[in-house]
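Subject: Handing over the structure

Hello,

Here is the structure for you to take over. Please open it first, then read the notes below.

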Amino acid sequence: MTQPDPIAFINAVLRDPATGLPFELLPAEIAFLEYAFNLDETGRAIYPELTFSAPKKSGKTAFAAILTLTATLLYGGRNAEAICCANDLEQSQSRVFSAIKAIVLASPRLEARAKITKSEIVFPDVGASILAIASDAAGAAGANPVISVGDELWGFTTEASRRLWDELVPPPTRRAAWRLVTTYAGYSGESLLLEELYKAGTAQPQIGADLYAGEGRLTFWTHKPVAPWQDDRWLAQMRSSMRPNAFTRIIENRWVTSESAFIEMHLWDQCVDYGLQPLQADRNLQVFVGVDASLKRDSTAIVAVTSDGDRVRLVRHRTFQPSPDQPLDFEATIEAEIIDLCNSFSVQAVRYDPWQMASLAQRLVRRGGVPMEEFPQTTSNLTDSSSNLYELVKANNLQVYADEQLRTSISQAIAVETPRGWRIAKEKQKHKIDVVVALAMASLAAVKQEMMPGFGVFEHYRRASEAAITPPPVADTVRIVWPKDQLAPSHLEISSHGEIAGATYLVGVENGDSVFYLGQHHARVLLKSSFARHDLIAANLEIAASLEPIIEPAGVNINAMRDAIEAQRPIHPLDRGRMAREALRGYSPGATLRAVLQERGYR
């Protein structure tokens with residue numbers, strides 16, 4: 001029988017949307033076309049199962065669109081039907097269907113004949129249609145397609161997509177019908193459908209360069225670039241910008257396991273600055289914190305980093321190890337460390353997974369305006385943070401101090417890749433990589449988030465200390481030491497020297513403790529009232545002994561006690577402490593006192 005000429009049809013009818021000219025088929029595509037649509041003497045397809053696999057950016061999607069239009073319009077006859085199915089990673093339309101629409105619109109001989117909707121292209125004169133369906137079997141039930149297309153089949157990983165592929169088997173009622181796959185390699189043991197097709201296809205006799213045929217299958221599977229734009233420069237760029245495992249799978253088109261070393265240790269070692277030491281305190285340094293918490297089994301890690309131009313620098317880190325018998329005390333460990341960081345640095349953000357830390361985060365926000373940011377460990381977040389840390393290390397844009405435990409954790413971290421992204425994980429349960437996860441979270445915050453000039457009471461303290469590094473005591477003020485393991489209360493008013501009588505001044509940090517000047521009334525409330533904290537009294541014994549006690553009413557009504565205490569407070573025209581408190585009501589901790597006062601008309 002006379003065989004139709006698919007290459008002649010493509011040259012005569014189809015146009016490249018990018019140029020408006022006929023397609024320039026690649027040598028590999030021409031070799032595939034010489035066999036793909038061959039028919040036997042009865043008119044049936046010799047190779048109903050077609051697979052074309054090449055590295056990324058080989059033009060596979062456009063080639064699949066060309067093959068679909070050719071099969072539908074040249075071989076399908078009247079009422080031909082084609083189906084383009086999305087893989088598990090797409091929503092409802094495959095990229096192949098979008099490419100088909102673009103070709104139809106660019107080809108004058110097709111555009112005039114076609115009616116195009118969101119998910120269907122119809123050629124009324126011959127009754128042919130091309131339909132886009134989602135990755136579920138229901139959309140393909142009862143179909144009788146001349147060709148079915150699955151693009152990037154490595155992403156067909158669910159049972160639903162497997163049932164869909166089974167529904168799209170070439171129907172025996174059509175003499176010429178095909179099932180087409182265009183893809184690059186997947187993950188061994190995960191991309192099971194594609195792995196079966198690959199093994200069955202490449203087991204057939206080789207009839208050309210990387211081309212195999214037999215038992216109804218035609219398979220092209222190459223590890224080499226097939227397009228002229230995939231030159232040495234492009235390959236070098238891809239190699240430098242991709243993880244080795246990803247380069248092997250996507251560019252070399254080879255099967256890989258989903259697990260590989262997260263970071264090669266020679267890359268980590270080049271980031272180590274042996275002259276760098278963990279920093280204990282710097283009020284002027286803006287830092288970003290990542291927390292990976294565990295209650296009973298894994299270790300808990302808290303990592304602080306700062307941004308230094310294009311680089312991220314490790315400031316300090318701590319780890320805690322709970323056990324099933326001795327769960328971690330979040331208040332004594334995580335909360336205390338975050339408080340210490342906030343009292344020691346200008347903390348811009350504390351990223352955490354709300355799964356374990358929701359209540360602790362709410363408490364820190366209420367007590368001192370700590371800038372807590374939820375960072376759920378979703379696939380998207382884990383991929384972003386893991387990729388960012390990898391790129392920082394690879395480009396030598398991460399600066400860390402020498403720490404053997406941290407280096408061990410990095411060496412034990414692996415990258416687990418899935419069709420939806422990849423994440424940092426550990427190869428063995430006993431390995432501790434929580435510090436790596438926390439470092440990734442903090443580093444992403446430092447890279448993505450602009451430095452915020454001021455957040456909450458901590459930035460107020462810093463600005464006040466800059467305005468008056470060692471201010472002389474205001475009349476009737478006393479020196480108070482605030483322990484480093486406790487947040488200073490957000491209601492304390494901050495000012496420049498002489499601006500607000502009896503106000504609070506931060507004058508420095510001594511052994512990690514903050515040192516303030518407080519007005520007499522504030523000092524008495526903090527140290528002499530019945531609800532004074534024992535840790536504050538212990539840190540300020542001499543001052544506490546010198547202050548007069550506050551007269552409190554009998555009974556246990558705390559509100560009445562506070563009213564009585566406030567009634568003893570001397571009223572002075574320059575005493576704006578109460579006005580400042582009222583001005584701050586309804587404002588977030590990040591609002592600066594000065595801006596609030598100006599807005600409310602206080603000068």
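**Trp-234 and helix α8**

Trp-234 sits in helix α8, residues 232–241. Helices here are DSSP runs of H or I with at least four residues, strands are runs of E with at least two, and both are numbered from the N terminus. Trp-234 has a relative accessible area of 15%, so it is buried. Buried means under 20% relative accessible area, exposed means over 50%, and partly exposed lies in between, with a 1.4 Å probe and protein chains only. Leaving out residues up to four places away in sequence, Trp-234 touches Lys-56, Lys-57, Trp-229 and Ile-251. A contact means heavy atoms within 4.5 Å.

**Ground rules**

This is a predicted model: local features need pLDDT of at least 70, side-chain atom pairs count only at pLDDT 80 or more, and totals for chains, interfaces and linings use all residues. Residues are numbered from 1 along each chain as its sequence is written, and side-chain values use heavy atoms, with hydrogens and water left out.

**The chain as a whole**

The chain has 22 helices and 22 strands. It has 603 residues, and 51% of them count as buried. Take the contacts between residues at least 6 apart in sequence: 69% of them join residues at least 24 apart. The chain exposes about 27,300 Å², and carbon and sulfur atoms supply 51% of that. Accessible areas come from the Shrake-Rupley method with a 1.4 Å probe; for residues, only the protein chains shown count as cover.

**The N-terminal helices**

Start with helix α2, residues 27–36. Its buried residues are Ala-28, Glu-29, Phe-32, Leu-33 and Ala-36. They cover an arc of only 130 degrees around the axis, which puts them on the same side of α2. The arc is that of the directions from the helix axis to the C-beta atoms. What covers these buried residues? The cover includes α1 (6–13), β1 (49–53), α3 (60–75), β7 (178–183), β9 and β10.

Two of those covering elements, α1 and α3, also form a pair. Their axes come within 10 Å and cross at roughly 105 degrees. That makes α1 roughly perpendicular to α3. Axes are lines fitted to C-alpha atoms, for helices over the stretch in contact, and angles run from 0 to 180 degrees between N-to-C directions. Angles under 35 degrees count as roughly parallel, over 145 as roughly antiparallel, 65 to 115 as roughly perpendicular and the rest as oblique. On the α1 side, Pro-6, Phe-9 and Ile-10 make the contact. They meet Ile-66, Leu-69, Thr-70, Leu-73, Leu-74 and Tyr-75 of α3.

**Helices α13 to α15**

Helix α13 (379–394) packs against helix α15 (434–448) at an angle of about 85 degrees, with the axes 8 Å apart. The two are therefore roughly perpendicular to each other. From α13, the contact uses Asp-384, Ser-385, Asn-388, Leu-389 and Leu-392. From α15, it uses Val-436, Leu-439, Ala-440, Met-441, Ser-443, Leu-444 and Val-447.

Leu-439 of α15 deserves a look. Is it buried or exposed? At 1% relative accessibility, Leu-439 counts as buried. Leaving aside neighbours within four places in sequence, it is in contact with Trp-268, Val-303, Val-305, Leu-314, Leu-389 and Leu-398.

Helix α14 (404–412) has Leu-406, Ser-409 and Ile-410 as its buried residues. They cover an arc of only 100 degrees around the axis, which puts them on the same side of α14. Asp-403 caps the N-terminal end of α14, with a side-chain oxygen 3.2 Å from the backbone nitrogen of Gln-405. A polar contact is a pair of N or O atoms within 3.5 Å; within protein, one must be able to donate a hydrogen and the other to accept it, and residues adjacent in sequence count only if both atoms are side-chain atoms.

**Loops**

Glu-215 lies in the loop between β9 (211–214) and β10 (217–221). Its phi is near 55 degrees, a positive value in a residue other than glycine. At 73% relative accessibility, Glu-215 counts as exposed.

Asn-396 lies in the loop between α13 and β17 (398–399). Its phi is also positive, about 60 degrees, and it is not a glycine. At 28% relative accessibility, Asn-396 counts as partly exposed.

Best wishes
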